[in-house]
Amino acid sequence: MVDRIAEIWGTRTPYARDERWPVRVDQVLAEGIHESDVERWVQSACVLCSNGCGIDIAVKDGSMVGVRGRAMDIVNHGRLGPKGLFASWQGVDNKDRLTRPLVRENGVLVESDWDTAMQRIVSRSKTLLENKGPLSHGFYTSGQLFLEEYYAQAIVGKAGIGTPHMDGNTRLCTATAATAMKESFGSDGQPGSYVDIDECDAMFLFGHNMAETQTVLWARVLDRITGPDKPRIVCVDPRLTDVARHAEVHLAVRPGTNLALMHGLVRELFTNGWIDQDYIDQHTMNMDELRTTVEPWTLDSVAETCGVDAEDVRRAAEIFGTSDRVLSTVLQGFYQSSQATASSCAVNNLHMLRGLIGRPGCGILQMNGQPTAQNNRECGADGDLSGFRNWENPEHVQELADLWNVDSVIIPHWSPPTHAMQIFRYVEQGSIEFLWISATNPAVSMPQLPRIRDILASSSLFLVVQDLYLTETARYADVVLPAAGWGEKTGTFTNVNRTVHLSEQAIDPPGEARSDLDTFLDYSRRMGFTRLDGTPLLDWKGPEDVFNAWKECTRGRPCDYTGITYDKLRGGSGVPWPCNEDHPDGVVRLYRDGVFATDPEYCETYGHDLLTGATIGPETYKAMKPAGRAIFKTAPYQPAHETPDEDYPFRFTTGRTVYHFHTRTKTARSPQLNHAAPDAWVEMSVNDAESHGLIEGDIVRVESRRGHITAPVRVSGIRDGSIFAPFHYGYWDEGTSGGAAPNTRYRAANELTITEWDPVSKQPVLKNAAVRVEKIADGVGQSLAPTTTASRPAERGGNRKHVLPTVGGPAAQAKETMAPVDPPMVATEEEHS
Amino acid sequence: MRLPVYLGLLHKSEATLARSFRQVSEGHGHEPDVYFICQALAAQCDGHQQALAPVIERYGEVDKDDEPERLHADGLSEIRSGPVGLLRDLQDLYLLASLVDITWTMIKQAAQGLRDKDLLDVVTNCDGQTKTQLKWLQTRMKQAAPQALIVAE
C-alpha cells in the first residue's frame with residue numbers, strides 16, 4: 001500500500017525508449033470494504049483530467065465503493081492519479097448532492113418537482129422566442145458532459161432554438177488547443193499520441209505543469225526519466241514545478257512573454273539550419289512570413305523581454321533542433337496567457353520546420369482540461385459546428401441540415417458561434433434574457449468575479465443551472481436541475497490523444513437526479529421542436545441511439561467514429577479515432593502521410609489573422625491553394641495588455657494544482673484531497689518575500705484594479721516579480737454567506753483577473769494581471785499549500801520556517817500491483833505495418 | 001508630379017484613422033476586444049506614418065490640392081454608446097480605413113510607374129496591415145450586427 005497523497009505519482013516502473021510502459025494497477029476501496037465484498041466492477045474512464053484513464057468502478061449495495069485502473073487500457077496501463085483514486089467516486093457519491101429540482105419563490109430557492117421546474121423553463125423559453133426570437137437565448141455548457149449529451153444539446157440549440165449563443169467552459173481551457181490545430185493543420189484533432197512519450201528523445205513542456213494537471217501522464221514521463229535512456233526535458237514555466245525540477249533547461253519566463261520566447265526558438269532553428277527543407281517544401285506553406293516575423297528575436301532580445309538567460313534559450317533551441325524525436329506538450333501557461341493562439345501555433349511551427357509530425361516520438365499534444373471537453377469541440381455544443389464542420393462553408397451547414405432534417409436557415413452560420421465571454425456581455429447588456437448553464441461554475445471560474453456575480457444576479461436574466469451540487473453559480477439560478485454524475489449514466493468521451501472510452505452506468509443517481517441527456521430530450525419534447533417532416537427533432541430513447549446518430553454526423557470527417565460501437569468499446573481498451581472501414585482499429589498518429597486537413601472543401605476553418613482575429617474568408621483562403629499543406633501561422637509579439645507598474649508592481653498568475661479539479665465541487669468533497677489542500681494560498685519568491693518582510697504563513701492582501709483576495713503566503717520557487725494563486729477556491733464551503741459570494745474573506749483567484757481574451761481562440765487571459773501585495777497580519781502558522789509539488793517551500797533564502805509535509809495518512813493508502821502482464825501495445829496493427 | 005498630393009492625403013488619413021481607433025477604443029472600453037485591438041491598430045497606423053516619412057522626404061507632401069474637397073473624412077466627432085452605437089462607430093472606422101486602403105492602392109500604382117522599389121516595399125507592408133484592419137472590422141461588425149439590430153434595447 002502506498003500513501004498516494006504523499007506519493008502523487010506512485011511507485012516507479014522504469015522503462016527504456018521504444019519499450020512499452022509497464023503495467024501497474026492502482027486500486028482504492030472505501031474504508032472497511034475488501035475486494036471480496038465488491039459485487040461487480042463496471043467499466044468506465046476517469047474524467048478528472050484530460051488523460052481519461054481507463055477505470056473500473058467497484059459497486060456494492062447500489063453504491064460506488066472504489067475504483068481500480070484498467071490494465072489493458074492504452075492510456076493508463078492500469079494507473080490512476082490522486083484525483084481519480086479519491087475524487088472520481090467520492091466526489092459524486094456524496095450527501096451534498098442535489099436530489100430534487102429547485103425553483104425560486106419570493107427570492108428563495110425551494111424544493112420542487114420536475115414538472116414544475118421544466119414548465120417554468122419552457123414557459124419562459126417560449127415567451128422569449130415569441131417576443132424576441134432565438135437571440136434572446138444562451139447556453140453556457142461544460143467540459144463535463146458525455147459525447148451523447150453534447151450532441152443532443154448542440155442540436156437543441158442550433159436546430160431547435162437556432163441560437164448562435166452556445167459555448168462551453170471548454171472556452172476557458174481547451175479553446176486555444178483546438179484553434180491552434182485548426183489554424184496550422186486545417187482541423188482540430190491531435191496529431192500525436194501518448195505513445196510518443198515511450199518513443200521520444202526530447203520533451204518540451206510549454207506552459208504545462210503536467211506533474212500536477214495530468215499525474216498519470218507525468219508518471220509515464222517519470223518512468224522514462226528513471227529508465228536507461230531518459231529523454232531530455234525542457235520546461236517553460238514561471239514556477240519551479242516538478243516538471244522544471246526534472247528539466248535540463250528551465251525557462252522561467254515572465255508571464256505574458258511566451259510568444260517572444262517562441263520567436264527566439266524558431267529563429268534559432270532558421271539561423272542554425274536545423275530545418276528540414278524537403279518537408280517544408282512538400283508539406284507546408286507560408287514559411288517566408290514566419291522567417292520575417294521572427295527575425296528581430298535574437299537570443300539577447302528574448303532574454304531581455306522574457307527575463308531568462310540567453311544561453312538557456314540557445315540550449316533549448318539546440319535540443320529541439322538536434323534531437324531525432326521531439327514530443328511537445330502545451331497547456332494553460334500558453335492557452336490562458338497573452339497571444340495564446342500565436343504562441344501555441346509557434347509550437348506547431350517548430351515541429352513543421354523539422355518535419356517532426358506523424359512519426360514515432362514526434363508528437364504534438366495540444367492538451368485539454370479533461371477528456372469530456374474534447375467532445376464538446378467535436379459535437380459542437382461550444383463555438384464549433386458538429387463534426388469539425390466549417391461555419392463559413394455552406395455545404396457543411398447543409399450537411400448538418402440534412403442529417404437533422406431541418407431547414408438550413410435555422411442553423412446560425414452568419415458568423416462564428418458566440419464565445420462565452422461575449423455571451424456574458426450580452427447578458428450584462430440585457431439582450432440575452434435566458435441563460436442555461438450546465439455543469440460549470442462561472443461564479444468561480446470566469447475572470448473578474450465581481451463583474452460575473454453582477455451579471456448572474458441581473459434582474460433581466462432567467463437563469464437555469466443544471467449541476468450535481470448547489471454551486472456558487474447555482475445559488476443565483478431561477479431553476480436548478482439536479483443532474484446525474486459520472487457512474488450514474490452511460491455515455492462515451494474522448495481524451496486528448498483521441499481515445500474514445502465508454503463509461504457505463506454503475507449505480508442509480510440519487511433522488512430525482514437525471515442525466516443531462518434526459519433533461520435535454522425532455523426540454524426538446526416540451527418545446528415541441530420538430531423536423532421538416534413533423535416528427536420530433538430528438539426522438540432518441542437513450543445514449544446508444546445518440547451515439548449511432550453521432551456516427552453518421554462524423555462520416556467522412558476527421559473525427560470519424562463510424563467504426564466504433566458500444567460493444568467494441570466494452571471489455572478492452574479505448575480506441576483512438578478516426579475509426580472506420582479504412583482504419584478498423586483506429587489511428588495512433590494523424591498526418592503520417594504529410595497530408596493535412598487544409599483542403600478548402602474539407603477544412604474546419606479558413607483561418608484568422610493571429611494578431612486581430614480577423615477571419616481570412618473563403619476567397620482568400622482558396623486563392624492560397626493550401627492543397628493539403630500545413631500552414632505556418634504567426635504574429636508579431638506584443639507586450640501583455642496589463643503589465644506591472646508603480647501601483648501594481650507584480651505579475652499575477654493563476655493555475656491548477658494537483659489535489660483539486662476546477663472549482664472543487666468534486667474534489668473538496670473527497671476527504672483525502674481536501675485535507676491535502678483545504679484552503680487558498682499565494683506564492684511569492686524568496687527575494688520578494690524578503691524585500692516585503694514576509695515569511696511563510698503571513699497573511700497578505702493581493703489586489704488588482706478589479707478586486708482583492710486575502711490568503712497566507714507560501715514562499716516558493718516562483719520567479720521573482722510574480723505572484724501565483726491556485727484557481728480552485730470559491731465560497732460554497734466558507735460558512736455563513738450562503739456560498740454564492742464572499743462573506744468575509746475573498747479567496748477566489750479570479751477576483752483579480754482581467755476581462756480579456758485571445759483574439760483568435762477567445763480563451764480568457766487568466767494568467768496575466770498586475771497586482772500589489774500588502775501584509776495584513778502575522779501568520780499563526782504555515783500556509784496550507786501542499787509541499788509535494790510546485791507550491792513546495794523554497795529550499796533556500798532567509799526567514800525560512802519549518803513547514804510540515806503534506807501526507808495523506810491511512811485514508812490515502814492505495815494498492816499498487818505491478819501486474820505480470822504484457823503492456824497494451826500501440827493501438828492499431830496499422831501502426832506496425 | 002502630383003504624387004505629393006496623394007502622399008499628403010494618405011498621411012492625413014492615417015493620422016485620422018489612428019485618432020479614430022483610439023477614440024473608439026476608449027469610448028467602448030467595456031468591449032475588451034474592441035478596446036485592446038483598436039489600440040493595437042492605432043499603433044499600426046502610427047507605424048504607417050513613420051514608414052511614409054522617408055518617402056515624403058523624397059517626394060514631398062502637399063497639404064492642399066487645387067481639387068476641392070467634396071467628401072470630408074475628418075474622423076469621428078464623438079463616440080456613440082450601446083450595441084448599435086458600437087456598430088455605427090465600427091462602421092465609421094471601416095469607411096476611414098477604406099479610404100486609407102484605396103489611397104495606398106493609388107500610391108502603389110504610382111510606385112510601379114516610378115519603379116520605386118523602396119516605396120513598393122512600404123506599400124506592401126503597410127497596405128497589408130490596412131487590409132487586415134478592414135477584415136477585422138468586418139469580422140467584428142458581422143458578429144455584433146444580429147444582436148444589435150434584432151434584440152438589443
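Which residue forms a salt bridge with Arg669(A)? In this predicted model, the partner is Asp96(A), and the closest N and O atoms are 2.9 Å apart. The two residues come from distant parts of the chain, 573 residues apart. Arg669(A) sits in the loop between strand 23 and helix 26 of chain A, while Asp96(A) sits in the loop between helix 1 and strand 6 of chain A. Arg669(A) is buried, at a relative accessible area of 11%, whereas Asp96(A) is partly exposed, at 31%.

Over all chains, the structure holds 79 salt bridges. Another one joins Glu830(A) to Arg592(A), with 3.9 Å between the closest N and O atoms. Glu830(A) lies in helix 28 of chain A and Arg592(A) in the loop between strand 21 and helix 25 of chain A, so this pair ties together parts 238 residues apart in sequence. Glu830(A) is partly exposed, with a relative accessible area of 24%, and Arg592(A) is partly exposed at 40%. Both residues belong to a network of salt bridges, whose members include Arg20(A), Asp196(A) and Arg220(A).

Salt bridges also occur between the chains: the count between chain B and chain A is 2. In one salt bridge, the side chain of Glu31(B) meets that of Arg425(A), at 2.8 Å from N to O. On the side of chain B that touches chain A, helix 2 and helix 4 of chain B each give two or more residues, and helix 4 gives the most, with 12 residues. The residues on this side of chain B divide into 12 nonpolar, 6 polar and 6 charged.

In total, 24 residues of chain B are in contact with 27 residues of chain A. Phe36(B), Gln143(B) and Gln147(B) supply 27% of the area that chain B buries against chain A.

Note on methods: Residues are numbered from 1 along each chain as its sequence is written. Chains are lettered from A and ligands numbered from 1 in the order in which they are written. This is a predicted model: local features need pLDDT of at least 70, side-chain atom pairs count only at pLDDT 80 or more; totals for chains, interfaces and linings use all residues. Side-chain values use heavy atoms; hydrogens and water are left out. Contact means heavy atoms within 4.5 Å. Buried area is the accessible area (1.4 Å probe) that two parts lose on being put together, summed over both. A salt bridge is a side-chain nitrogen of Lys or Arg within 4 Å of a carboxyl oxygen of Asp or Glu. Helices (H or I, at least four residues) and strands (E, at least two) are DSSP runs, numbered from the N terminus. Ala, Val, Leu, Ile, Met, Phe, Trp, Tyr, Cys and Pro count as nonpolar, Asp, Glu, Lys and Arg as charged, and the others, Gly among them, as polar. Buried means under 20% relative accessible area, exposed over 50%, partly exposed in between (1.4 Å probe, protein chains only).
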